Amino acid sequence: MTNSAPPTQGKTPAGDPGPRNGGPDTRPGLYMGRPFGVPVYVSPSWFLVAILVTVMFEGQVNGVIDRPLSYLVAFAYAVLLYGSVFVHELSHAVTARVLGLPVRSVTLHILGGETSIEREAATPGREFLIAFAGPLVNLVLAGLGLLAHAVLPLPDVALLLIDALTFANLLVGVFNLLPGLPLDGGRLVRAAVWKATGHSRSGAIFAGWVGRAVAVACLVSGAYLATYRTDEGGNGGFGWLALLWSALVASFIWVGATQAIRAERFRDRVPLLSARRLARRATLVTADTPLAEAIRRAHADQAGALVIADHDGNPQALVSEKAVTATPEHRRPWITVGELSRGLEPDLTLPADLTGEDLITALRRNPASEYLLTEPDGRVYGVLAVTDVDRAFAGV
């Protein structure tokens, strides 16, 4: 799978795309290195899957080699399995970098992997190449596995591992080619519709709805397998594990497809954003002003924000709305606004004329709850609260 910033290439049970913004430490897992300059992380959830795969595969290995060595071989399979997922994701990342797109990270997690790409491909052809790179590598590995099985004289343990990895790569490659977001096949559908219509939005919306259909199909298939029996005595079925796993995969696809649809609706509203339109009128007060008095002045000015300024009217800090709300009314006469303020770092002062993508980029650069908006001549225009920006996207 794949992700960029809106998208993210790469989710695999294994693979698809999507972006992430967060606080100071947004590492998605344990840092493992930077192959080809791409940071690679392993989520703690991977270890749960590794244990599960080891336990499930050990029964097959035990038919070839005795315990406890069979557990070691089964664990080696779990590592190699995620090695296949890693190669899948790395192929997305390398292809994106070759096409000039910055790659944020590759992460291995409970359902496979995810490649986070900073921005979308500029053309449907490039989108197609990035999405197809992952499944293609898995199918090539599956083909090599079949070739090795056919021509190499291998010991039983090696043959078992190669056969299992061949099947795993075939499953990963074919699964990711299912035609719906957030899977790679969905990105191929998006690229095709984009090419046909000339609009990436149309492709994403269509592929998102197909993804939802794929999710329902996965759940129905799991329910069927859960009740399926291979003989008249009712033995040999897949049971509850098939239903549980299909429900997990179906929810993953449904959520990813829904996020893709919402992301397009989000983009529709971005050009309409205006810092001026969302700004709150600000009342200027000095740092030693009691909070109760500052609130009284703000009410008189019909203002929705407080800005600390020096005696010459130059802005110095922003008063936190959250801190003001959290202060009990009986304490407000005894607390100064300076105690509830945050100094004006450079990125907390924005031009009042910012709109659209430029405004979103400025907010992402230094996440905060409030920003000071200024006119071109340096005068204070008002305060932009992130809650007001969020409200503009409510219902997306």
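The structure is a predicted model, in which local features need pLDDT of at least 70 and side-chain atom pairs count only at pLDDT 80 or more, while totals for chains, interfaces and linings use all residues. Residues are numbered from 1 along each chain as its sequence is written, and side-chain values use heavy atoms, with hydrogens and water left out.

Side chains of opposite charge can pair when their charged atoms come close. Counting a salt bridge wherever a side-chain nitrogen of Lys or Arg lies within 4 Å of a carboxyl oxygen of Asp or Glu, the model holds 16 salt bridges. One of them joins Arg-201 to Asp-268, with 2.7 Å between the closest N and O atoms. This pair links distant parts of the chain, 67 residues apart: Arg-201 belongs to helix H6 (residues 200-227) and Asp-268 to helix H7 (residues 239-269). Helices here are DSSP runs of H or I with at least four residues, numbered from the N terminus. Both partners are partly exposed, Arg-201 at 35% and Asp-268 at 37%.

Other pairs sit within a single helix. In helix H9 (residues 291-301), Arg-297 and Glu-293 are four residues apart, about one helical turn, and their closest N and O atoms are 3.0 Å apart. Glu-293 is partly exposed at 25%, as is Arg-297 at 32%. In helix H12 (residues 386-392), three residues separate Arg-391 from Asp-388, and their salt bridge spans 2.6 Å from N to O. Here Arg-391 is exposed at 54%, whereas Asp-388 is buried at 11%.

Notes
Helix = DSSP H or I, 4+ residues; strand = E, 2+ residues; numbered from the N terminus. Buried < 20%, exposed > 50% of the residue type's maximum accessible area, 1.4 Å probe, protein only.
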